[in-house]
Amino acid sequence: MAKGQPRQREQAWTPGQSRTESKTKLRLTKCGKVTLGIVMMMIAAIIIGLIVHFVACGRTPFYYHISFKVNNIDYDSQFAKPYSQEYINLNKKIVSLINETFQGSNLRRQYVTSHVVQVSQAKGKVVIHVVMKFKSCYKNNTAKFWDRIEAILYQKLNGQTGALFIDTSSFKFSDIEMPMAENLLHMCCGRRTITPSGSKIVGGQNAKEGEWPWQASLQQHSVHRCGATLISNNWLVSAAHCFIESQDPKDWNVSFGLLLSNPQKQRGIKNIIVHENYSYPAHDNDIAVVHLASPVLYSSSIRKVCLPEVTHKLPPRSNAVVTGWGTLKSDGNIPNILQKGSVRIIDNKTCNSSKAYGGVITPGMLCAGFLKGHVDACQGDSGGPLVSEDSRGIWFLVGIVSWGDECALPNKPGVYARVTHYRDWIVSKTGL
């Protein structure tokens, strides 16, 4: 019955009223109750069906790879660098085209995203490689879904495409497995999924999940020893002095994620390459690269940082961030949660003053922090990243935690290996 409606009482049989009529009314009443029950069951079934539908939709996404040649864009070597403005502009054009294609189609609710994952060349013209992601539903027929996507794309690419003159004869379409597809969708360097405000590193704050996705922990016999930075699926960069005790890869492993106690991923190490001119206890050439035993696939919370060009400029007083699981004070405890600290770049002349480090800072070193102290890397942060954001929101590795006089003392800022100084060395060892 409707809510608030009083329940009707059954009337007693009275003289003059046939029992047949009374029974008929009774049957109708029961029939009405049965009909109402069936309707309620049907409504419940529809609701449950809708819930199942929306839960099922998107649970297992579909991924596809497409490639095509663009006849009116000449290939440029800058397209190979995902942080270059040339690549960013080209990606924007292609993604806008694909967004427009599916948002104007009957698959607009299932289309999720797309990204240019590679730009190759053919006869001097660019060949675009794109990965696309779609939501899937339990009712989807995979073959029919494939056909619909391919038909929509081909019709668009064969028609008006704005300023892009696409060679439709070069169009290729295939599906791709989820792990590799997600890796490709997150392959751009220096990008983060979250950008929280604020700045424990000494004087710092707890980081958030996915905030510094290139940070790694180098662990000797499963104990955190140093930080490291992911620069590709297979390579990390760290500090040479982290490997004074042992350069045997079997003694080391790497973990990724926000927490030391609950890493998202772990990897063994295939090879450790320490700069050939590093000599402990000197601080020059304090850099090493680490080759992972197996690749780590990118995700929303594990990504690579961008490596700067040799010509990359970093003006004094530029903002930077240092991260790691180092102690919160000299000889203190190591935190479980990744720490972050906002610092400023200090020019080498100031850092070499008699009040600071008295002339020991070389061109291969970079100072960052504050002359008043308070925020600094500390023990256990060695080898970790000092990163700087450019005007486009892309993060570059500018320094590697190297040394300092205790932690966060006045006039004793942190000293880092200057990445631009060692950029050619990194290329020579990793090919990156």
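Predicted model: local features only at pLDDT ≥ 70, side-chain atom pairs only at ≥ 80, totals over all residues.
Residues are numbered from 1 along each chain as its sequence is written, and side-chain values use heavy atoms, with hydrogens and water left out.

So, how many salt bridges does the rule give? If we ask for a side-chain nitrogen of Lys or Arg within 4 Å of a carboxyl oxygen of Asp or Glu, the count is seven.

Let's start with Glu-211 and Lys-340, whose closest N and O atoms are 2.8 Å apart. Glu-211 sits in the loop between strands E5 (205–206) and E6 (215–220), and Lys-340 is in strand E13 (residues 339–346), so this pair ties together parts that are 129 residues apart in sequence. Helices (H or I, at least four residues) and strands (E, at least two) are DSSP runs, numbered from the N terminus.

Are these two residues buried or exposed? Buried means under 20% relative accessible area, exposed over 50%, and partly exposed in between (1.4 Å probe, protein chains only). Glu-211 is buried at 1%, and Lys-340 is buried at 3%.

Next, Lys-429 pairs with Glu-276, with 3.7 Å between the closest N and O atoms. Lys-429 belongs to helix H6 (residues 423–430) and Glu-276 to the loop between strands E10 (265–274) and E11 (288–292), so parts 153 residues apart in sequence are tied together. Lys-429 is partly exposed, at 29%.

Finally, Asp-390 and Arg-392 form a salt bridge at 2.8 Å. Asp-390 is partly exposed at 22%, and Arg-392 is partly exposed at 30%.
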